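Please read this report alongside the sequence and the coordinates.

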Amino acid sequence: MSIFLGYIVFVISFMTVGCIVLYALEKLIVFLYEQLKELFFPTPQIPEEVYEQICEDASDFVWAKHRPWDYDDMFAEYLCLVNDMCIEKWNEMYEMNK
């Protein structure tokens, strides 16, 4: 009985270690694939002057809103607006060229 229990513990621990090694190997392969893909086929970026203009437009829009209350989190609204405007500009610049 003791040998059988020891065998079961050995098999379970061996399978657990094997699953952990395979999981780590899979994550390493995916990471290396993404790095090589980005190296050979870089993702196009929005030019710096366009990004600065988007930030200015978002800032002007957020500050132009009338807010009768105090303690408004305008920075969070600004960040959301910049993100949305950058996505829109990126789609406009790169998705139409396909």
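## Basis of the values

This is a predicted model, in which local features need pLDDT of at least 70 and side-chain atom pairs count only at pLDDT 80 or more, whereas totals for chains, interfaces and linings use all residues. Residues are numbered from 1 along each chain as its sequence is written, and side-chain values use heavy atoms, with hydrogens and water left out.

## Cysteines

The structure holds 0 disulfides, a disulfide being defined here as a pair of cysteine sulfur atoms within 2.5 Å. For Cys-55, the closest cysteine sulfur belongs to Cys-86 and lies 6.2 Å away, which is too far for a bond.

Cys-55 is buried at a relative accessible area of 13%, and Cys-86 is buried at 12%; the classes used are buried for under 20% relative accessible area, exposed for over 50%, and partly exposed in between, with a 1.4 Å probe and protein chains only.

Glu-48, Glu-49, Glu-52, Glu-56, Asp-57 and Asp-60 form a negative surface patch. Patches are made of residues with over 30% relative accessible area and no salt bridge, with like charges joined within 9 Å and nonpolar side chains (Val, Leu, Ile, Met, Phe, Trp, Tyr) joined within 5 Å. In assigning charge, Lys and Arg count as positive and Asp and Glu as negative, while His and the chain ends are not counted.

Asp-60 is placed in helix α2, which covers residues 48-64, where helices are DSSP runs (H or I) of at least four residues, numbered from the N terminus. Asp-60 is exposed, with 52% relative accessibility. Asp-57 also has its place in helix α2, but Asp-57 is partly exposed at 34%. Between Asp-57 and Tyr-78 there are 21 residues of sequence separation, and their C-alpha atoms are 9.9 Å apart in space.

A nonpolar surface patch of about 690 Å² is made by Phe-4, Tyr-7, Ile-8, Phe-10, Ile-12 and Phe-14, with accessible areas taken from the Shrake-Rupley method. Of these residues, Ile-8 lies in helix α1, spanning residues 2-40, and Ile-8 is partly exposed at 33% relative accessibility.

The C-alpha atom of Asn-91 is separated by 21 Å from that of Glu-77, which is 14 residues away along the chain.

Notes:
Accessible areas come from the Shrake-Rupley method with a 1.4 Å probe; for residues, only the protein chains shown count as cover. A salt bridge is a side-chain nitrogen of Lys or Arg within 4 Å of a carboxyl oxygen of Asp or Glu. The place of a charge is taken as NZ of Lys, CZ of Arg, CG of Asp or CD of Glu. Helices (H or I, at least four residues) and strands (E, at least two) are DSSP runs, numbered from the N terminus.
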